[in-house]
Amino acid sequence: MIGIFIALLSGALMSVQGVFNTEVSKSTSIWVSNSWVQFSALVVCLVTWLFTDRKSFAGILEMEPKYMLFGGVIGAFITYTVVKSMAALGPAQAVMLIVVSQLIVAYIIEVFGIFGVDKQPFEWRRLLGMAVCIGGIILFKWE
């Protein structure tokens, strides 16, 4: 149950953050806004680290495979693409497309066992669920 609550909170926070970042980019630029987002996230993470686990940063050097360390780089492009899509489409439509894209890519990662994720069997009902989500976007957009 806690996992469901955390996932719902995560989705809500992503939507609010996307709106905030889009507005900040209007007063600065998308890369200044993105820099602020990443910098403020770094500060929050470091302060939280000081008061919680305090595990050594040396573990990062031991990380295998090394390409897994590119999460921050991906995060910068996530911020960029969220801001651009919200500015072009509005928050609701952008988030619907973002969520469906996340769902499709996550399912592909699971089915093929990409990036070391435990491989899961393909299920037609899950594909049907994604199709229903895409249908929902079309219905939402339909004027």
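Predicted model: local features only at pLDDT ≥ 70, side-chain atom pairs only at ≥ 80, totals over all residues.
Reader: Take Trp36 and Phe39. Why is that pair tilted?
Author: The planes of Trp36 and Phe39 are at 45°, with the ring centres 6.0 Å apart, so the pair is tilted. An angle under 30 degrees would count as stacked and one over 60 as edge-to-face.

Reader: Where do Trp36 and Phe39 lie?
Author: Both are in helix 2, which covers residues 30–51. Trp36 and Phe39 are three residues apart there, about one turn of the helix.

Reader: Is Trp36 buried or exposed? And what about Phe39?
Author: Trp36 has a relative accessible area of 53%, so it is exposed. Phe39 is at 48% relative accessibility, so it counts as partly exposed; the cut-off for exposed is over 50%.

Reader: Next, Phe122 and Trp124. Why is that pair edge-to-face?
Author: The planes of Phe122 and Trp124 are at 90°, so the pair is edge-to-face. The ring centres of Phe122 and Trp124 are 5.0 Å apart.

Reader: What is the accessibility of Phe122, and of Trp124?
Author: Phe122 is partly exposed at 40% relative accessibility. Trp124 is exposed, with a relative accessible area of 64%.

Reader: Which residues do ring pairs link into a cluster?
Author: Trp31, Phe77 and Tyr80 are linked that way.

Reader: Changing topic: what sits over the ring of Trp49?
Author: The charged end of Arg54 does, 5.4 Å from the centre of the Trp49 ring.

Key. Residues numbered from 1 in each chain as written. Heavy atoms only, no water. Phe/Tyr/Trp six-rings, centres within 6.5 Å; stacked < 30°, edge-to-face > 60°. Helix = DSSP H or I, 4+ residues; strand = E, 2+ residues; numbered from the N terminus. Buried < 20%, exposed > 50% of the residue type's maximum accessible area, 1.4 Å probe, protein only. Lys NZ or Arg CZ within 6 Å of the ring centre and 35° of its normal.
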